[in-house]
Amino acid sequence: MNQKPPRVWISNATPKKGEVLRVRAQIEHVMESGLRQDEAGKIRPRNIVTRFEAHLGTALLFAWEPGISISQNPYIEFTFLARESGELRLHWKDDAGQTASASKAIAVV
Amino acid sequence: MQRRTLMAASAAALALPALAQPQAKAPLTNAALAPNPAEFRKAMADFAQGRKPQAEGLHLDVPTLADNPAAVPVKVKVTLPITEQDWCEEIIVLADLNPAPLACRLQFTAAAGTAEAAVRVRLSQSQTVHALARMKSGKLLAASHAVTVAASGCGM
């Protein structure tokens, strides 16, 4: 799934209370659709990222369930209101059971 | 010599657009990429749960001409006010002629305070991208936009 860590960008790591924060994240993932065949004609088994979750501390902010129509190296962008400081934790899970995580500290001034 | 090659090149360039016209919508040759209209209707019906969607309130931003069919940027945003009482629970993105029409589900919470997201989808052929949003109050919002791609984004 990933030799490289996830790429994460946050619009402002020290936002004011009530500011809209934009988060962009991307991991390297083949997102094998299960429709392709190899040279021998055998179907390459499906292996896509099935769930992405973003938590601020323990609270779930946003969840994403991609399907096979999502591009390779899945990109996700979402926003949320900065209300409290905490650690923004992003977590990906795929069909093969592999996972990836990233976190960024948010300090609300 | 240079002038002759230039004339030949320009003649070839002029001939190409005339040939390209009838092939504007090339048919899909791979059976695995065939559209699945039954699954598209089922995905829409399962999400709508009998409610009628309203056309105002969901903004869907997708290019009309996508230069990369393997990564077409799709942005969705609920423009209705997001409050503690009524927030967007879920948005789904559909590509009506893809082999798997349900592209993704996006789930929001009251803790988020907003309902805006962007993803990249791959399209097997030129089609319409739809988005449906469901608010906590049960209100259903819908938006759609036709996208043209020059090739298949499925890499097959």
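How much area do chain B and chain A bury between them, and what share of it is on carbon and sulfur atoms?

1. Basis. This is a predicted model, in which local features need pLDDT of at least 70 and side-chain atom pairs count only at pLDDT 80 or more, while totals for chains, interfaces and linings use all residues. Residues are numbered from 1 along each chain as its sequence is written, chains are lettered from A in the order in which they are written, and side-chain values use heavy atoms, without hydrogens and water.

2. Area. The two chains bury about 2400 Å², 48% of it on carbon and sulfur atoms (buried area is the accessible area, 1.4 Å probe, that two parts lose on being put together, summed over both). Of the area that chain B buries against chain A, 27% comes from B:Gln107, B:Arg120 and B:Arg122, more than from any other three residues.

3. Contacts. Chain B has 31 residues in contact with 28 residues of chain A (contact means heavy atoms within 4.5 Å).

4. Salt bridges. The rule finds three across the interface of chain B and chain A (a side-chain nitrogen of Lys or Arg within 4 Å of a carboxyl oxygen of Asp or Glu). One of the salt bridges joins B:Glu116 to A:Arg22, with the closest N and O atoms 2.8 Å apart.

5. Strands. These are DSSP runs of at least two residues, numbered from the N terminus. Strand E5 (residues 75–81) of chain A and E6(B) run antiparallel and are joined by three bridges (strands pair if DSSP finds at least two bridges between them). A:Ile76 stands opposite B:Val119 in E6(B).

Terms used:
Helices (H or I, at least four residues) and strands (E, at least two) are DSSP runs, numbered from the N terminus.
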